Amino acid sequence: MKNLLTLLKENAKLNVIGGITLLLLGALCINLPYLSGLTIAGFVSLAVIAYGISTSIFAFTKNKVTHKILAFISGILVTLLGVFMLINPVANLYTLAMISVCYFIIDGVMNLVTTYQIRKTKLWGWSLFHGIISLALAASLIVQWPLSSIYIVGTLVGIRFIFNGLNIVLLASTGFGVVDAIETSQKSDNVEDEKVNKVQHA
């Protein structure tokens, strides 16, 4: 039991470190939105290139020759797309920003539809608020385009990092609380056992 509690404590400590790291990264992304946006765009480009290369390699595992050829060509095209994105980071950033705008529009509309569907429940207010905020963000980004494309990606990722970091730290704090409660309970049990032993020996 003691080893398990020690393991839980160490895990909670690592989670706290990870959460604080995410918080710092999130703050950095928000303070340097253009630079962080370009960095994220670069990672996306590398992921696309890796996917294209892997597709081309696994194309040879297909059974039919036509499937092999089509998969190989598809992998080559995806790889070329990734290379184009990598050497044109600003255009890649614009694309990611437009995807973010489309996401907010779709998310807003879906939440409004959900609000209508659950209008007789207590959750309709939150769903309506969520939908309005998403559509308002999309409208704000469209009005400020193309200036908004410079900062939106880095800012959104920064906000996401901050929320995830806070969640991890809070969960780790809960873990510390559980461990402390168990240790306190064990100590009180040990004290009770000592009292019982003293009474029995007396």
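Q: What makes Leu 96, Ser 100 and Tyr 103 lining residues of the largest pocket?
A: Each belongs to the set that lines the largest pocket, together with Phe 104, Leu 137, Val 153, Leu 156, Val 157, Ile 159, Arg 160, Phe 163 and Asn 164. A pocket is an open set of points on a 1 Å grid over the protein atoms alone where a 1.4 Å probe fits, with protein on both sides within 12 Å along at least five of seven lines, and lining residues have an atom within 4 Å of a point. This is a predicted model, in which local features need pLDDT of at least 70 and side-chain atom pairs count only at pLDDT 80 or more, while totals for chains, interfaces and linings use all residues. Residues are numbered from 1 along each chain as its sequence is written, and side-chain values use heavy atoms, leaving out hydrogens and water.

Q: Which helix gives the largest share of that lining?
A: H6 does, with seven residues. Two or more residues come from each of H4 and H6 (147-201); helices are DSSP runs (H or I) of at least four residues, numbered from the N terminus.

Q: How many residues of this lining are nonpolar?
A: Nine are nonpolar, beside two polar and one charged. Ala, Val, Leu, Ile, Met, Phe, Trp, Tyr, Cys and Pro count as nonpolar, Asp, Glu, Lys and Arg as charged, and the others, Gly among them, as polar.

Q: What volume does the largest pocket have?
A: About 370 Å³, taken as the space filled by probe spheres set on the grid points, which are joined across faces, edges and corners. The second largest pocket holds about 210 Å³.

Q: Which residues line the second largest pocket?
A: Tyr 103, Phe 104, Asp 107, Trp 126, Phe 129, His 130, Ile 133, Ser 134 and Leu 137 line the second largest pocket. H4 and H5 each give two or more of them, and H5 has the largest share with six. By class, this lining has six nonpolar, two polar and one charged.

Q: Why are H4 and H5 called roughly antiparallel?
A: H4 and H5 (residues 124-143) pack at about 155°, with axes 8 Å apart. Axes are lines fitted to C-alpha atoms, for helices over the stretch in contact, and angles run from 0 to 180 degrees between N-to-C directions. Angles under 35 degrees count as roughly parallel, over 145 as roughly antiparallel, 65 to 115 as roughly perpendicular and the rest as oblique. H4 and H5 are therefore roughly antiparallel.

Q: What is the crossing of H4 and H5 called?
A: H4 passes H5 in a left-handed crossing, that is, the near helix is turned anticlockwise from the far one by less than a right angle. Among the residues that meet are Val 101 and Phe 104 in H4, and Trp 124 and Leu 128 in H5. The residues of this contact (heavy atoms within 4.5 Å) divide into twelve nonpolar, eight polar and one charged.

Q: What makes H2 and H3 roughly antiparallel?
A: The axes of H2 and H3 (residues 65-87) cross at roughly 165° and come within 7 Å, and the pair is therefore roughly antiparallel. H2 passes H3 in a left-handed crossing.

Q: Why is H2 called roughly perpendicular to H4?
A: H2 (residues 33-58) and H4 (residues 89-117) pack at about 90°, with axes 9 Å apart. That angle makes H2 roughly perpendicular to H4. Their contact has eight nonpolar, four polar and no charged residues.
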